[in-house]
Amino acid sequence: MVDFKKRGPTFSNPAGNKNMSVRMTSDDVRKGLTTEAIKRAIHESLLYLQARFPAVATRNDCYLALAYAVRDRLLHRWLRAAQTYYEKASRTVCYLSAEFLLGPQLRNNMINLDIEDQVRQAVEEMGLDLNGLLEQEEEPGLGNGGLGRLAACYMDSLATLEIPAIGYGIRYEFGIFDQEIRDGWQVEVTDKWLHLGNPWEILRPEIAFNVKFGGYTEAGCDEQGHFRVRWIPDRVVKGIAYDTPLVGYKVNTANFLRLWKAEACESFDFQSFNIGDYYGAVDEKVFSENITKVLYPNDEPAAGKQLRLEQQYFFVSCALQDMIRIYLQREKTLDHFHIKYAAQLNDTHPSIAVAELMRLLVDEHRMSWDQAWEITRQTFAYTNHTLLPEALEKWPLPLFGRLLPRHLEIIYEINRRFLDEVRLKDPGDEGRAARLSVIDEAGERYLRMAHLACVGSHKINGVAKLHTELLKQDVLRDFYELWPERFLNITNGVTPRRFLILINPRLVKLITRRIGDGWMKNLDELKRLGPLADAPDFKAEWRQLKHEVKCDLASQIRQRVGAVVNPDSMFDIQVKRFHEYKRQHLNVLHIITLFNRIKKNPNIEVTPRTFIFGGKAAPGYYMAKLIIKLIHSVADRVNHDPDVSGRLKVVFFPDFNVKNGQRIYPAADLSEQISTAGKEASGTGNMKFALNGALTIGTLDGANIEILEEVGAGQFFMFGLTAEEVLHLKRKGYRPWEYYDSNPSLREAIDLIRSGFFSNGDTKLFEPLVNSLLYQDEYMLSADYQSYIDCQDKVSQAYRNQEEWSKMSILTVSRMGKFSSDRSIREYCKKIWRAEPVHIQLE
């Protein structure tokens with residue numbers, strides 16, 4: 001049972017009124033924002049939704065009771081918004097994404113509803129611990145990293161800016177795995193985020209759609225003599241809607257996220273059961289529900305590839321059928337579907353939507369091809385999020401045709417018409433036609449999903465200036481030359497509500513006391529902090545609160561991994577998904593270099609640092625998992641060496657997710673953004689760190705360039721090759737071993753790994769990583785190593801002058817206004833979606 005404060009829970013007097021003579025209406029309980037109304041709502045939720053009385057209520061019961069009380073206040077706004085959108089036939093943004101990494105919802109909703117103080121007081125008066133209840137909340141791991149978190153930030157900004165919007169995705173039963181570390185190795189553990197219930201979602205069993213797979217098609221003419229195709233599937237799955245309301249910050253707008261769960265159309269076969277085939281009786285149920293069972297199945301085996309394609313088509317088909325259902329509530333034809341909706345494809349995962357909307361319009365709603373194509377193209381816009389060729393999805397044609405035979409026919413026709421257009425513009429240039437084709441004809445034939453998204457969208461955007469330029473010059477060059485007017489850049493942003501107001505209340509109070517609270521909805525107002533960067537008293541307060549936050553993280557680290565870290569040391573932090581291009585191992589080489597310096601000269605002056613790593617590696621990505629092992633092996637030696645004690649500390653914070661990120665971002669002194677130039681599309685972790693006062697050490701990659709432009713060179717530690725220099729060096733012939741031979745520090749660091757020093761004498765353990773660095777080094781660590789080391793030496797020197805470091809930190813925060821997701825969404829609304837705010841008036 002819940003560990004209440006000593007005086008115990010006081011549910012018996014929820015209104016806080018001694019004589020209980022004040023009557024409270026049901027509206028007050030459901031919608032009221034006073035402390036008394038919230039207390040009564042918590043009490044009634046416990047009794048009538050949880051069916052618990054206080055004496056036996058567990059911590060989870062109390063969390064759910066509070067969450068339901070807060071949710072009631074969301075629903076009031078959501079229903080009013082939905083009614084307003086219906087009455088006004090408002091243009092609606094539909095954000096299609098395979099990932100939505102929302103993070104914990106309770107405190108975020110309290111902040112956006114502006115009831116945090118009332119809730120805290122209500123919970124306190126009831127004898128409960130709000131922090132404990134907040135900790136009780138499970139995080140829905142419905143995303144892998146930046147892509148899903150960006151989608152969540154955009155949904156927050158859409159509601160805050162009062163833009164009608166629906167997010168469409170998948171309700172994965174098991175999200176991104178929980179990460180445990182055993183003997184330095186990552187171990188994946190099932191993320192059972194639903195096991196104690198999810199109070200934020202609302203099941204909509206009446207909103208259900210059939211989704212077809214497999215089978216064959218039949219062509220013929222209808223009664224009017226028009227050519228028609230009928231798809232006869234061999235399997236049908238039902239998609240069920242689950243809605244999560246998402247309220248904007250201090251507005252009455254609440255949009256929603258609609259996630260789809262797969263179920264069998266017939267979940268139980270009585271015939272099989274009656275003859276004793278008990279497993280066969282539920283075969284269809286198991287087969288169907290597998291589609292939404294887990295986020296991103298391993299797609300190395302053929303079965304994994306098929307399941308991933310099934311997932312993508314499943315949620316896209318459900319979303320489009322739902323959009324049509326909503327549209328036809330008011331309209332009789334689909335002629336203006338593209339005027340009602342602006343649908344954004346968040347990377348290539350939902351790009352099958354182009355073919356599915358064509359199928360629905362042409363096959364199901366008997367529209368002509370030309371009209372359907374115009375509506376489809378005007379409905380969709382496509383955001384590209386990657387420059388890595390392996391991340392641009394391609395599906396083998398046999399697999400695609402077997403699973404979605406009608407869609408393959410539609411794509412063939414789209415491609416035929418598209419290539420006719422290409423050949424008219426550039427007759428005789430078959431090389432260009434082949435490069436542009438939606439079908440990759442080289443070797444095993446593939447369907448290029450990024451190409452389908454480009455052909456079927458009226459706008460194509462990158463997510464940082466450099467990223468967009470590289471799309472134009474390289475990845476999508478032929479499309480840019482064909483349709484330059486379709487391409488534009490919209491740099492990513494993060495929501496300041498979660499990534500400053502929620503996670504760093506001390507800093508928020510300090511800022512608001514000096515410049516007011518207007519910055520919370522207009523982040524550009526942080527510029528007013530600039531003049532305070534020279535004020536000694538303000539800098540002293542800034543340093544003090546940073547130290548307090550670092551003490552909080554130090555306490556968390558001690559609880560989680562047992563390591564004792566010094567809050568007075570520089571917190572040098574790199575937390576993000578593990579990938580070789582993100583170069584966590586370059587950071588490790590720096591640690592080893594410092595270690596070697598100290599071992600050679602124990603009296604050398606070294607700025608004390610605590611290196612903090614966090615992040616997950618894809619289960620099948622061996623090299624990324626080996627880098628995690630290397631970090632732990634280096635930490636084991638460094639942290640137990642008496643010469644290094646008090647100067648260097650290395651820790652790995654396990655199971656990095658939104659909740660843990662909220663603990664880490666505010667405590668950073670230095671943010672490591674050290675990817676190979678030209679590989680990171682944008683990055684948003686760089687923005688979250690900088691918004692909380694961390695200084696950045698980084699390459700000219702992704703949004704780093706724009707952060708540098710905004711905060712100024714004096715607040716940014718830049719190193720490494722540019723994207724152009726990387727390309728030039730590779731074309732010239734990059735030989736990493738030459739850097740190894742000519743740089744003693746690099747050679748000593750790599751040799752120490754190779755010798756088995758960090759692996760108890762096992763020279764084979766890290767051999768794949770060492771060989772990769774010496775003979776391939778695809779991400780050019782050796783080329784950037786010395787520049788990185790020299791830049792880190794400048795960081796150490798700068799950190800010794802705490803007065804100047806504080807000034808740089810304040811200036812950084814004051815110049816981060818551009819990187820609000822509100823700015824990004826305003827640009828999408830103006831340049832792509834043509835969406836306008838709709839003000840919601842509560843009754």
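Tryptophan 395 lies opposite leucine 447 of strand E14. The two strands involved, E12 and E14 (residues 446-448), are paired in the antiparallel sense over three bridges, where pairing requires at least two DSSP bridges between the strands. The structure is a predicted model, in which local features need pLDDT of at least 70 and side-chain atom pairs count only at pLDDT 80 or more, while totals for chains, interfaces and linings use all residues. Residues are numbered from 1 along each chain as its sequence is written, and side-chain values use heavy atoms, without hydrogens and water.

Strands E12 and E14 belong to an open antiparallel sheet of three strands with the order E12-E14-E13. In total, the protein contains 34 helices and 22 strands, assigned as DSSP runs (helices H or I, at least four residues; strands E, at least two) and numbered from the N terminus.

The radius of gyration, taken over C-alpha atoms, is 28 Å, which agrees with the value near 28 Å for a compact globule of 843 residues under the rule of 2.2 Å times the number of residues to the power 0.38. Along the principal axes, the C-alpha atoms fill a box of roughly 90 × 85 × 65 Å. Of the 843 residues, 62% are buried (under 20% relative accessible area, 1.4 Å probe, protein chains only). Among contacts (heavy atoms within 4.5 Å) with a separation of 6 or more, 76% are between residues 24 or more positions apart.

Notes:
Buried means under 20% relative accessible area, exposed over 50%, partly exposed in between (1.4 Å probe, protein chains only).
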